[in-house]
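Welcome! Please take a look at the sequence and the structure below, and then we can walk through a few places together.

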Amino acid sequence: ITAIGTKGPLNLHRSNAKPGDYLVTSGNHGLSRLGLGLLLSDPLTKSVKISDSLKRNAIQAHKQPIPPLDPLSKLLSCKPSNIPWRAAATDSSDGLLEAIECLCKSSNCKAILNSNNFPRHPQWPIGNQWDQWCINGGEDYELVLSLPPMWAEEWLKIVPSGHLLGEITQGEPKIVLDN
């Protein structure tokens with residue numbers, strides 16, 4: 001596959017995360033993994049009541065992922081004028097934690113996450129295994145961004161599916177749960 005285009009003003013790169021940035025994502029995670037579990041009749045999917053709408057969303061997310069182009073384009077429109085064009089970004093195709101780890105390693109920073117802020121669907125089941133599917137499931141293709149706080153706050157206002165995950169700090173490249 002060959003991709004041809006221009007870089008544009010965003011200067012998105014995994015190595016652009018800086019201490020003090022907010023870590024955000026463009027949407028819910030784990031839906032594709034849940035869809036796969038439903039299609040394969042995974043026993044976990046039978047252990048709790050899952051709404052029909054969540055089942056439909058999950059199977060659709062697994063069968064036909066849709067890249068978050070609108071949230072990406074909104075990065076251009078909401079950037080405060082006093083903030084430089086610098087953002088770290090990747091996608092969560094290999095899982096949310098993997099994406100955050102890539103940002104941390106590339107930027108030589110630490111990420112502090114709040115597990116209460118995991119980007120779960122509003123009807124997502126509760127429990128450790130369900131959290132694992134959310135953060136490690138993969139194939140969600142959502143954006144994972146490290147942005148200066150003012151920019152992140154403006155972006156979250158106009159991206160209703162967005163989630164604030166935590167923040168980037170100085171330290172050894174790793175992920176830490178703050179709670």
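## A lysine in a loop

Lys79 sits in the loop between α4 (69-78) and β2 (88-91). The model you are looking at is predicted. Is Lys79 buried or exposed? Lys79 is buried, yet has no salt bridge. Glu154 holds the nearest side chain of opposite charge, and it is 12 Å away.

What Lys79 does have is a polar side-chain atom 2.5 Å from the backbone oxygen of Ile83. If you set aside its neighbours within four places in sequence, Lys79 is in contact with Pro84, Trp85 and Trp151.

Which residues of α4 are buried? They are Pro71, Leu75 and Cys78. These residues cover an arc of only 95 degrees around the axis, so they lie on the same side of α4. They pack against β4 (143-147) and α7 (149-158).

Turn to the other side of α4 and you will find Leu69 and Ser77, which are exposed.

## Cysteines without disulfides

A disulfide is a covalent bond between the sulfur atoms of two cysteines. How many disulfides does the model have? The count is zero, with a cut-off of 2.5 Å between the sulfur atoms.

Take Cys104, for example: its closest cysteine sulfur belongs to Cys109 and is 7.2 Å away, too far for a bond. Cys104 is buried, at 1% relative accessibility. Cys134 is buried as well, with a relative accessible area of 0%. The closest cysteine sulfur to that of Cys134 is in Cys104, and because the two are 17 Å apart, they are too far from each other for a bond.

Methods:
Residues numbered from 1 in each chain as written. Predicted model: local features only at pLDDT ≥ 70, side-chain atom pairs only at ≥ 80, totals over all residues. Heavy atoms only, no water. Buried < 20%, exposed > 50% of the residue type's maximum accessible area, 1.4 Å probe, protein only. Helix = DSSP H or I, 4+ residues; strand = E, 2+ residues; numbered from the N terminus. Lys, Arg positive; Asp, Glu negative; His and termini not counted. Salt bridge = Lys/Arg side-chain N within 4 Å of Asp/Glu carboxyl O. Polar contact = N/O pair within 3.5 Å; in protein donor to acceptor, adjacent residues only side chain to side chain. Contact = heavy atoms within 4.5 Å. Arc of directions from axis to C-beta.
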